[in-house]
Amino acid sequence: HEKALQIQLATLGKMHPDTATTYANIGSIYYSNGKHDKALEMHERAVQIHLATLGERHSETATAFGNMGVTYSSNGEHDRAMEMHEKALEIRLATFGEQHPDTATAYHNIASVYHDKAMFDEAVAKYQQALQIQRSLNELHPNTAMMYYNMAKSFASKARSVEKTKGKSASTKKLHRESEKYHTKALHILNKTLGPDHPTTVECQTWKG
């Protein structure tokens, strides 16, 4: 990717969508290697180029904002992450509308930030928005399963949070039941779509709420 970037800079110039895509690819490699600051630098360059060449109302620009949001989350910068994901959602709604898988993903990303901030009610609400879209498009899809799985985690996390301060109660038992319900749905879809031996299915199978 570094060689591709040098070639594109020489032939296409810095301000070209293909150059932005290469910056984003390099950013993803840095992210996978745990070099989040370098990843942010690359994704920010991609955002700047996409804004200048494609404009704000473009799917590639939304993807670039989303990449920044995911990376900020990994750095624990949840407010910045939320800002990026909300920009991505705004673009998705403007370009694709509500009923689109990329819009569902944008809601899902916002929900994940709420979960990381221990705002579990807000997380569940956004997961539900994402699920409503995703289920209408394709119920038996790994993306649907992951939304169910993360819903299960938010219900379980809220239950544990309440139990720490107030102890177990009928309300926390209800939260655990909700968690189990969504976990079961997630596992069913993962077994159907990815198979029982896939790492994601195994992770879901072994998770204990």
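Read along the sequence, the protein follows the pattern α-α-α-α-α-α-α-α-α-α. It has ten helices and zero strands, where helices (H or I, at least four residues) and strands (E, at least two) are DSSP runs numbered from the N terminus. The model is predicted: local features need pLDDT of at least 70, side-chain atom pairs count only at pLDDT 80 or more, and totals for chains, interfaces and linings use all residues. Residues are numbered from 1 along each chain as its sequence is written, and side-chain values use heavy atoms, with hydrogens and water left out.

**Overall form and surface**

- Taken along the principal axes, the C-alpha atoms of the protein fill a box of roughly 65 × 35 × 35 Å.
- Of the 209 residues, 40% count as buried; buried means under 20% relative accessible area, exposed means over 50%, and partly exposed lies in between (1.4 Å probe, protein chains only).
- The protein exposes about 10800 Å², and carbon and sulfur atoms supply 49% of this area. Accessible areas come from the Shrake-Rupley method with a 1.4 Å probe, and for residues only the protein chains shown count as cover.
- Among contacts between residues at least 6 apart in sequence, 53% join residues at least 24 apart; a contact means heavy atoms within 4.5 Å.

**Charges and the positive patch**

- The mean positions of the 25 positive and 23 negative charges are 7 Å apart. Lys and Arg count as positive and Asp and Glu as negative, while His and the chain ends are not counted. The place of a charge is taken as NZ of Lys, CZ of Arg, CG of Asp or CD of Glu.
- K168, K173, K174 and R177 form a positive surface patch. Patches are made of residues with over 30% relative accessible area and no salt bridge, with like charges joined within 9 Å and nonpolar side chains (Val, Leu, Ile, Met, Phe, Trp, Tyr) within 5 Å.
- R177, one of the patch residues, is found in helix α9 (residues 170-193). R177 is exposed, with a relative accessible area of 51%.

**Salt bridges**

- Side chains of opposite charge can pair when their charged atoms come close. The structure holds eleven salt bridges, each defined as a side-chain nitrogen of Lys or Arg within 4 Å of a carboxyl oxygen of Asp or Glu.
- One of them joins K117 to D79, with the closest N and O atoms 2.8 Å apart. K117 lies in the loop between α6 (101-116) and α7 (120-137) and D79 in helix α5 (residues 78-95), so this pair ties together parts that are 38 residues apart in sequence. K117 is partly exposed at 32% relative accessibility, whereas D79 is exposed at 55%.
- K38 forms a salt bridge with E41, and their closest N and O atoms are 3.7 Å apart. Both residues lie in helix α3 (residues 36-53), three residues apart, which is about one turn of the helix. K38 is partly exposed, with a relative accessible area of 34%, and E41 is partly exposed, with 31%.
- E83 forms a salt bridge with K87, the closest N and O atoms being 3.8 Å apart. E83 and K87 are separated by about one helical turn because they stand four residues apart in helix α5. E83 is partly exposed at 32%, and K87 is partly exposed at 29% relative accessibility.
- Salt bridges that share partners also join K38, E41 and R45 into one network.
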